[in-house]
Amino acid sequence: MVSALGNPFRNVKLHWRRLLNRRVVELDGIKVSTDAAGLPRSVRSALFKETYEVHERRLVRRIVRPGDRVLEIGAGIGVVASLAARLCGPGNLVSYEANSKLEPIIRGNFALNGVEPRLVMRAVNLDGRPVTFNRDDNIVSSSLAKRDSSAEAIEVGADAFDDIVRTHRPDIVIMDVEGIETDLLSQGNLDGVAHIVVEIHPQVTGQAAIDAMIGRLEALGFEIAEKAHKTLHLVRETRALLT
């Protein structure tokens, strides 16, 4: 079986869809707009090639079941949230995104798929105080962590991770926060969480911080079930995994 990233036809799909100026593509049955204003060329290309968030999408398909309570931190353009919301059902998913410029894109993709997860346009940190968010023209590089001198530094409101977990009671946490994952998962409350899907960013955090994060999670009973490129799936055996 050829993986999505190794599919030899992905560049054919890219050029063909670009030539046709396709405005919507489907990834795992989820409709995604490729015509949204402000969508970077790199993201649009990944959508055309069907490689956008490919590891996260595969893990979400495998893990999320009807009735699961899901917390996503870092919604991006709403692809993973749309997929997870369809799988877990209405009222079970909360999705956070700090970049206000993405809100119309996210809501547009939710509408395309007929899903209405709770979208919170705020950052997530440990203390709930407002934070400086570095908003880059390339949305995949926007982060609480300072990565590029050209990024626009803006102040955004934040909710405390522990408060969110206590209120929402997630079974599954999905996290892509461009380097802040080591703070949240090294110190945050994970009571009741059975699965974590997290993209790590060693180029931002350093490997030592990632190792410390994993050590803390292992001490809480989590094990690494899979590593796909920079995406980790950690599981705590509170229920049987799908095979």
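Is Ser 95 buried or exposed, judged by its relative accessibility? The answer below is drawn from a predicted model.

## Ser 95 in strand β4

Ser 95 counts as buried, because its relative accessibility is 0%, where the cut-off for a buried residue is under 20% relative accessible area. The residue belongs to strand β4, which covers residues 93–96.

A polar contact of 2.5 Å links the side chain of Ser 95 to the side chain of Glu 72. When neighbours within four places in sequence are left aside, Glu 72 is also among the residues in contact with Ser 95, together with Ala 75, Ala 81, Arg 118, Leu 119 and Val 120.

## Helix α4 and Cys 88

Helix α4 spans residues 79–88 and is mostly covered, with eight of its 10 residues buried. Gly 89 follows α4 and has a positive phi, near 95°.

Cys 88 is located in helix α4. With a relative accessible area of 2%, Cys 88 is therefore classed as buried. Leaving aside neighbours within four places in sequence, the contacts of Cys 88 are Val 64, Arg 65, Pro 66, Gly 67, Asp 68, Val 70 and Leu 93. For one of these, Val 64, the separation from Cys 88 is 24 residues in sequence, while the C-alpha to C-alpha distance is 6.2 Å.

## Packing of helices α1 and α2

Two packed helices are described by the angle between their axes and the distance between the axes. For helix α1 (residues 10–20) and helix α2 (residues 41–49), the packing angle is about 115° and the axes are 7 Å apart. The two helices, α1 and α2, are therefore roughly perpendicular to each other, the class that takes in angles of 65 to 115 degrees. Their crossing is right-handed.

On the α1 side, the contact is formed by Arg 10, Asn 11, Lys 13, Leu 14, Arg 17 and Arg 18. These residues meet Arg 41, Ser 45, Leu 47, Phe 48 and Lys 49 in α2. By class, the contact of α1 with α2 comprises three nonpolar, two polar and six charged residues.

Note on methods: Residues are numbered from 1 along each chain as its sequence is written. This is a predicted model: local features need pLDDT of at least 70, side-chain atom pairs count only at pLDDT 80 or more; totals for chains, interfaces and linings use all residues. Side-chain values use heavy atoms; hydrogens and water are left out. Axes are lines fitted to C-alpha atoms, for helices over the stretch in contact, and angles run from 0 to 180 degrees between N-to-C directions. Helices (H or I, at least four residues) and strands (E, at least two) are DSSP runs, numbered from the N terminus. Angles under 35 degrees count as roughly parallel, over 145 as roughly antiparallel, 65 to 115 as roughly perpendicular and the rest as oblique. A crossing is left-handed if the near helix is turned anticlockwise from the far one by less than a right angle, and right-handed if clockwise. Contact means heavy atoms within 4.5 Å. Ala, Val, Leu, Ile, Met, Phe, Trp, Tyr, Cys and Pro count as nonpolar, Asp, Glu, Lys and Arg as charged, and the others, Gly among them, as polar. Buried means under 20% relative accessible area, exposed over 50%, partly exposed in between (1.4 Å probe, protein chains only). A polar contact is a pair of N or O atoms within 3.5 Å; within protein, one must be able to donate a hydrogen and the other to accept it, and residues adjacent in sequence count only if both atoms are side-chain atoms.
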